[in-house]
Amino acid sequence: MTVLVDTSVWSLALRRDVPLNSPAVTELTKVVKSELVVTTGLIIQELLQGFLPERTQAEIRRRFSLLAAVQPTLADHVAAAELRNTCRSAGVQLGTIDALIAQLCITHDLELLSADRDFVHATRHCDLRLRSVEGA
């Protein structure tokens with residue numbers, strides 16, 4: 001299985017104030033050891049915007065340069081807008097970036113590992129495969 005790890009999980013894993021035994025970090029550890037992990041530019045951008053020290057940013061750039069990256073196409077952006085509109089019509093608030101991340105997973109047949117509960121609600125309205133994070 002190929003897994004796209006969402007910003008919410010990476011952020012927990014990279015923070016010093018989150019216990020290493022948090023459910024999302026525990027699942028990430030399992031995934032990294034046994035499955036192919038991919039990323040996308042938006043996730044790296046979100047992480048770099050959240051971690052200010054240059055040393056930390058340099059380490060994030062170095063580590064993420066080792067991961068395969070999926071890139072959105074124009075068709076992915078169009079489909080993500082449709083996905084977001086479908087969710088909104090059903091009362092589910094899915095942000096623009098989250099809709100694109102979900103669409104990338106659908107397009108590339110990826111499973112999403114996320115601690116963001118919005119994706120749980122979105123799965124009821126699309127073909128997104130979400131990795132369960134116990135206790136999140």
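I begin with Gln-103, which lies in helix 6, residues 96–107. Helices here are DSSP runs of H or I with at least four residues, strands are runs of E with at least two, and both are numbered from the N terminus. This is a predicted model, in which local features need pLDDT of at least 70 and side-chain atom pairs count only at pLDDT 80 or more, while totals for chains, interfaces and linings use all residues. Residues are numbered from 1 along each chain as its sequence is written, and side-chain values use heavy atoms, leaving out hydrogens and water.

Is Gln-103 buried or exposed? Gln-103 is buried, because its relative accessible area is 11%; buried means under 20%, exposed over 50% and partly exposed in between, with a 1.4 Å probe and protein chains only. Beyond its neighbours within four places in sequence, Gln-103 contacts Asp-76, Ala-79, Ala-80 and Leu-83, contact meaning heavy atoms within 4.5 Å.

Five strands form an open sheet in the order 3-2-1-4-5, with parallel pairing; two strands pair if DSSP finds at least two bridges between them. At the edges are strand 3 (68–69) and strand 5 (129–131), each pairing on one side only.

Strand 1, residues 2–5, is joined by three bridges to strand 4, residues 111–113, and Val-3 stands opposite Glu-111 there. Three bridges also link strand 1 in parallel to strand 2, residues 36–39, where Val-37 is the bridge partner of Val-3.
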